[in-house]
Amino acid sequence: MKRFLITCARAPVSLELARNLAKHGHQVFMTDSLRYPLAKNSRSLTQFILSPSPRNNINNYQTALLDIIQTHEIDYLLPMCEESFYISKIKDKLTQHCDVLCPGFDLMQQLHSKYDILSLCQETGIALPKTELLDFSSTITPEILSNAIVKREFCRFGTDVLLSPTPKSVQHLSDTAPGRILKQEKIQGNEYCTYAIALKGKVFAQAIYQPTHRLKVAAGIYFKPIVNKKISDFIHAFCQKHEYTGHLGFDIIETPDDIYIIECNPRATSGLHLLEEANLADAFLGVNAQHRPHFQQPKMISLMMVLAGLPFAIHQRKVKAWYRDYRQAIDVMACKNDKGFSWFQFISLAELVQIAFKEKISVREAATQDFEWDGEAIK
């Protein structure tokens, strides 16, 4: 039996992982800066501990993590979302007391960069879309933006991405926050997302899926598993090339001729939900490779499918397809051996709504604003 500390208890993937680790006989501790994060209600937890925001003060966050690790004799720290960047920055301090299952900061920031990730993918069996940094010292014309998308170097969940950019919208994107803006060739094809767990370059678990339903055009809320050998081979080649340890995901577009890398997420992604039957502790510790069955039911976040997916389907006149998919999928919150989450989801959501109202931001921003990292200096 090992003791794991999981960060970002608010994320559905953190709840999934906590249940999996506990099912296989391990003790699970979780931490978050929210008072009512989603996973706090799970009986898979040994204990939940409140911690400060890593974005507001990295030194306070380091002190809090070290206190949790030492007090509870943690064996492994598993960062889950964008707090991973802050944890990788202080990894050397933390590894004196436990194993930290993520790469160092230098690699993490390159993986998160929508520009730098392309060079890291060279010679790994995947095509690279034509990409260049926009030069605002000269005029941005419609011709420059033809057949392209524009995005920030550091962004998440499809935000700050212009699918049909105009000179005006690109200038607005540049004016709203500092940082590099890039233009990328628009690739037409089937979009897939991935999730993998690797240790020292060897992949021990992976999932490939289609985000069939989204929050509009952003984060996926419905995860349809698929099998794709080209993508799987790329994941193995990439992890081996960079001797990767931890979990990571990719957004990929497949055309009739090739597969193209779009971006990388060096953190947990929703594909983790599709590995429910695997022993994820064995995967993270490199004990046994976990092979996913080829045929599985899709998974979904049913609350978001109803609150966001259904209105969008009505607007798109695709209610029949929405209803068909809804009936086929399993809710990621549902678990017969755990407490019910029907009501606790609303408590967690209410805390985010309160933060959004207080800070005058969206609920989506409230869910991530205290641990986002956009390339700025960490201090």
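K200 sits in the loop between β10 and β11, where strands and helices are DSSP runs numbered from the N terminus (E over at least two residues for strands, H or I over at least four for helices). Phi of K200 is positive, about 50°, although K200 is not a glycine. K200 counts as exposed because its relative accessibility is 68%; the cut-offs are over 50% for exposed and under 20% for buried, with partly exposed in between (1.4 Å probe, protein chains only). A second residue of this kind is E73, in the loop between α2 (58-71) and β4. Most residues other than glycine have a negative phi.

A word on the model: it is predicted, with local features requiring pLDDT of at least 70 and side-chain atom pairs counted only at pLDDT 80 or more, while totals for chains, interfaces and linings use all residues. Residues are numbered from 1 along each chain as its sequence is written, and side-chain values use heavy atoms, leaving out hydrogens and water.

| Residue | Phi | Relative accessibility |
|---|---|---|
| K200 | about 50° | 68% |
| E73 | near 50° | 57% |

The strands on either side of K200's loop, β10 and β11, run antiparallel and are joined by 7 bridges. Within this pair, Y195 has A207 in β11 as its bridge partner. Both strands belong to an open sheet of 7 strands, ordered β14-β13-β10-β11-β12-β15-β16 with mixed pairing; two strands pair if DSSP finds at least two bridges between them. At the edges are β14 (259-265) and β16 (330-331), each of which pairs on one side only.

F250 stands opposite C264 in β14. Helix α8 (residues 229-241) lies across β10, β11, β13 (246-254) and β14, at about 130° to β11. That angle is taken between N-to-C directions, from 0 to 180 degrees, using axes fitted to C-alpha atoms, for helices over the stretch in contact.

**Nonpolar cores**

Now to the cores, where a nonpolar core is a set of buried Ala, Val, Leu, Ile, Met, Phe, Trp, Tyr and Cys residues joined through side-chain atoms within 4.5 Å. The largest one has 42 residues, and I6, L17, M30 and M80 make the most contacts inside it. Two or more residues each come from β1 (3-7), α1 (12-23), β2 (27-32), β4 (76-78), β10 (190-199), β11 (202-214) and α9 (280-284). Helix α1 gives the largest share, 5 residues. Not counting residues up to four places away in sequence, I6 touches S14, L17, A18, L21, V28, F29, M30, T31, L78 and M80, a contact being heavy atoms within 4.5 Å. Another core lies apart from this one, with 25 residues that include L107, I208, F238 and I252. In soluble globular proteins, nonpolar side chains tend to be buried together.

**The four-stranded sheet**

An open sheet of 4 strands has the order β6-β9-β7-β8 and antiparallel pairing. Its edge strands, β6 (131-133) and β8 (161-162), have a single partner strand each, so one side of each lacks a neighbour in the sheet. Strands β7 (residues 148-152) and β9 (residues 181-185) run antiparallel and are joined by 5 bridges. In this pair V150 stands opposite K183 in β9. Helix α7 (residues 167-176) packs on the sheet, touching β7, β8 and β9, and its direction makes about 10° with that of β7.

**A buried glutamate and the cavities**

E351 lies in helix α12 (residues 344-359) and counts as buried because its relative accessibility is 11%. Which residues does E351 contact, leaving aside its neighbours within four places in sequence? They are L34, R35, Y36 and P37. E351 and Y36 are 315 residues apart along the chain, yet their C-alpha atoms are separated by 7.1 Å.

Finally, the whole structure holds 2 cavities of 30 Å³ or more. A cavity is a set of points on a 1 Å grid over the protein atoms alone where a 1.4 Å probe fits but cannot get out, and lining residues have an atom within 4 Å of a point. Grid points are joined across faces, edges and corners, and a volume is the space filled by probe spheres set on the points. The largest cavity has a volume of about 90 Å³. It is lined by 13 residues, and R10, D32, S33, P54 and Y61 are the closest to its centre.

Notes:
On a 1 Å grid over the protein atoms alone, a cavity is a set of points where a 1.4 Å probe fits but cannot get out, and a pocket is an open set with protein on both sides within 12 Å along at least five of seven lines; lining residues have an atom within 4 Å of a point.
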